[in-house]
Amino acid sequence: MFGKETPEAVRLPYRKFTKPGVRVLRQTVTKIDPATRKVTTDTGVFEADILVVALGVDYDLDATPGLRESGNEFYSFAGAEKLRGILPTFSKGRVVIGVAGAPFKCPPAPSEAALMLHDMLSTRGVRENCEITFVMPLPSPVPPSPETSRALLAAFAERKITFMPGHKVVSLDGKRKVVILDDGQELPYDLYMGVPKHRAAKVVEECGLSEDGWIPVDDFTLATRFPGVYAIGDCADSNMPRAGVFAEAGAKAVASALIAQIRGTSDTKPCTGTGICYIEFGKDQVGRVEVNFYAGPKPTGVYSAPSVELRAEKKLFGSSRRKRWFGL
Ligand SMILES: Cc1cc2nc3c(=O)[nH]c(=O)nc-3n(C[C@H](O)[C@H](O)[C@H](O)COP(=O)(O)OP(=O)(O)OC[C@H]3O[C@@H](n4cnc5c(N)ncnc54)[C@H](O)[C@@H]3O)c2cc1C
């Protein structure tokens, strides 16, 4: 949305996804029966010995009245593209970056958005005419790593970004131009950039796999309560956050269980609950936090201060996965 990449560069199409022994069917799943491991799509019915559900999340824009008509979201491709058109013309006024509920994908992403917006407005020479307020339901920017949170809070303070933790955005009143928070506070705004409320896909909600909107799984095996059915990634309710690195960690654990089952061994590798997160601090600087959700009673995080060197590492992290998974 800041115009640093082309739309083509950030798309991950499946057309080059060719793996030995894997048949890719580009169909829409319309029904899942977890008890019989039967999946219905728009073109057929499939029965499985093992079923791994990995349908991500849906965005529930209507859960935040006013968001569609009077605000913007930057978590979908279309939303980011729309803001890409708006941001270069925004030169004066109040920006509110808000989160409509937890859990939400990639908890550091809205912090990054605030810092990168500051950069963009500064480069255009209009930062002094603008206010940036960032509202999020979490108590700190990156709760598992107090050190990372402290660094982000310092970066916000340095850039005069107002941070309001512990609050979620419940609605937008486009006529009065105010954002309304969960405690009734009203924040005047000229531009709203939001993270919409997340929910599991409708097909997941309808099939009986979910409880309170998400699929409960064992933290270490990602197994659901249905035999032979696993759930990984954003749709699964493990103790890891919704992020690609943790989807990868869960997928590795499930893969090891399936290999062990086929080989008849007990050589499974439980989910480690670990992942690396690169954080854009603006000014071309990238920080890093290595988090472990299952190491002890509380999650831990090891923080590396922002540097230009970490940008190269982040790039390699992304491109290696792009290549391995999508052949791009
Ligand atoms: C702005 C932003 C920044 C982020 N930054 C990071 C980051 O830096 N690091 C990180 O680790 N994570 C990041 N994430 C989070 C990361 O993108 C997700 O956590 C990750 O993609 C989850 O993987 P998934 O496979 O569970 O879901 P997805 O990647 O969403 O994949 C789900 C797939 O299921 C398909 N699908 C859904 N319903 C159906 C259906 N009915 N039939 C057939 N197919 C269906 C979808 O089309 C999609 O291809 C970010 C997310 C956002 C929005």
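Helix H8, residues 309-326, has 18 residues and reaches 26 Å from its first C-alpha to its last, close to the 26 Å expected at 1.5 Å a residue; the expected span is 1.5 Å times one less than the number of residues in the helix. Helices (H or I, at least four residues) and strands (E, at least two) are DSSP runs, numbered from the N terminus. The structure is a predicted model, in which local features need pLDDT of at least 70, side-chain atom pairs count only at pLDDT 80 or more, and totals for chains, interfaces and linings use all residues. Residues are numbered from 1 along each chain as its sequence is written. A residue counts as buried if 20 or more other C-beta atoms lie within 10 Å of its own, as exposed if 12 or fewer do, and as partly exposed in between, with C-beta atoms placed from the backbone. Just after H8, Gly327 takes a positive phi of about 65°.

Turning to the chain as a whole, the protein chain holds 8 helices and 20 strands. Its radius of gyration is 21 Å, close to the 20 Å that the globule rule gives for 328 residues, so the chain is as compact as a globular protein of that length. This radius is taken over C-alpha atoms, and the globule rule is 2.2 Å times the number of residues to the power 0.38. The C-alpha trace spans about 65 × 45 × 40 Å along its principal axes, and 33% of the 328 residues count as buried. Among contacts between residues at least 6 apart in sequence, 60% join residues at least 24 apart, a contact being two residues whose C-beta atoms, placed from the backbone, lie within 7 Å.

Ile215 lies in strand S15, residues 215-216, and is buried, with 27 other C-beta atoms within 10 Å. Leaving aside residues up to four places away in sequence, the contacts of Ile215 include Val53, Val204, Ala231 and Cys235. With the same exclusion, Leu222 touches residues including Ala231, Gly250, Ala253 and Val254.

Helix H7, residues 244-263, also supplies the largest share of the shell around the ligand, 3 residues. Of the 19 residues around the ligand, Gly56, Cys106, Gly233, Ala243 and Gly244 come nearest; a residue is near if its C-beta atom, placed from the backbone, lies within 6 Å of the molecule. By class, the shell has 12 nonpolar, 4 polar and 3 charged residues.

Some backbone details are worth a look. The peptide bond from Ala102 to Pro103 is cis, with omega near 0°, and Pro103 lies in the loop between strand S7 and helix H4. Arg37, although not a glycine, has a positive phi of about 55°; Arg37 is partly exposed, with 17 other C-beta atoms within 10 Å. Asp284, also not a glycine, has a positive phi of about 65° and is exposed, with 11 other C-beta atoms within 10 Å.

Definitions and conventions: Ala, Val, Leu, Ile, Met, Phe, Trp, Tyr, Cys and Pro count as nonpolar, Asp, Glu, Lys and Arg as charged, and the others, Gly among them, as polar.
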